[in-house]
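Please read the points below beside the sequence and the model.

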Amino acid sequence: MSYRELRNFCEQMRALGYHRIISIENFRRPNFELVADILYWLALKYDPNTDISDNIDEERHRVEFIKQITTLFVSKARLKINPKRLYMADVYAVQEILKISTFLYKAQISLPAEEEEVHDFSLPSKLSNIKSHKVLAQEITDLATRLYDQLGKEDEVRIAREKALQFLSNVSRSGNSQSEQSYIQKCIQTILKQQESSIQEMSKYVSGLEREQKQIEEKIKRKTKELEQAEKRLKGMTSVKPAYQEEYDRQEYELEKLYQIYVEKFRNLVYLEHVLDAQNKQAEMEQKKKDQILQGVRGAIQKAQISDLRGGDDDGNDDQLEQLGDDSRLQSSNQEKRKNEFMRQQHGGFNKQQMDEDGEVDDIDDLSGGENEEEEEEEDEDGIENLEDDGEDADF
């Protein structure tokens, strides 16, 4: 949009008598209210009886207002207006408004025409229904293409058309001429032959379809029979039991029982292994304690030997050794009692079989424990005797 066009627009609006002063700077930024006011004033100036709403509060109202303005000037004034630019309401909208203002300005400054030269160019407005206009435009383009194609074939069709017109003129002139009648008869006979041939082809096609239909019906009947036989066979197979079904059921029942027994024994075995591991751990701990006690006794014996070698009292050493041996025996017997009480409490909540098995295990442990205690006592006595012998040897 040039500066000259803006200036011309402002001058034309002043000449037309617009009530507001328009500046060139008003259109540097979008100003829809000013553009709508100008368009509404121009529409009323062009057609005072027009019914256009001036409500532009919402977007849909603005769109409807622009549609009404463009419909008015396109249908009545034959002005090509772009509604998108009008809706933009900036410098580019002035180009579209300038078309309307120029049209009205020229009408104002032109001389009044005579009554005979006045023509009514108003047409009914149909732009409200855009879909129908699109359909109509499509039909017009289709007709135009068909007309163009027909005009392209005009050279070929002209000869046939001239012959047909000549034939009709001859028939109308001569009335009952033999040549035209014979030609008409030949044409009718050729048409009849073509129709008969088409009828024969159609009858052949229909007969072929009927044969195919019969074949398909036979196939359907055969397949239905096969399906019925298969269903009967299936019912017979389901009703008859196999030869070894009863034995199979019995073996399956026994297998379930054996599996339950196996699960129970496996559970008991796992529990017994757990108990055995616990007992082994406890035995290891007791053995460690015994080893510690033996180490203490050995240390005492070694001290006694050293004191004997230095000339100590033999009787005092013997008393100390006897006291240490008695203390170790008392501690081991107390530990065995605690162990037996713990095992009785732990095995008290299980079944008889488990109690018997646990009792056997306890008996084995008691026997082994008793043997170990006797062996330890013998070793302690041998150690004491050896110490006495060593002491006597040392005295000598």
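1. Cys10 counts as buried, at 5% relative accessibility, while Cys187 is partly exposed at 29%. Buried means under 20% relative accessible area, exposed over 50%, and partly exposed in between, with a 1.4 Å probe and protein chains only. The disulfide count is 0, where a disulfide is a pair of cysteine sulfur atoms within 2.5 Å.

2. This is a predicted model: local features need pLDDT of at least 70, side-chain atom pairs count only at pLDDT 80 or more, and totals for chains, interfaces and linings use all residues. Residues are numbered from 1 along each chain as its sequence is written, and side-chain values use heavy atoms, leaving out hydrogens and water.

3. Helix H1 (residues 3–16) packs on helix H2 (residues 32–46) at an angle of about 45°, with the axes 12 Å apart. Helices are DSSP runs (H or I, at least four residues), numbered from the N terminus. Axes are lines fitted to C-alpha atoms over the stretch in contact, and angles run from 0 to 180 degrees between N-to-C directions.

4. Where H1 and H2 meet, H1 contributes Phe9, Met13 and Leu16, and H2 contributes Ile38, Trp41, Leu42 and Lys45. Contact means heavy atoms within 4.5 Å. By class, the residues in this contact are 6 nonpolar, no polar and 1 charged. Ala, Val, Leu, Ile, Met, Phe, Trp, Tyr, Cys and Pro count as nonpolar, Asp, Glu, Lys and Arg as charged, and the others, Gly among them, as polar.

5. Asp47 lies in the loop between H2 and helix H3 (59–76). Asp47 is buried, with a relative accessible area of 14%. Apart from neighbours within four places in sequence, Asp47 contacts Leu72 and Lys76.

How values were computed. Helix = DSSP H or I, 4+ residues; strand = E, 2+ residues; numbered from the N terminus.
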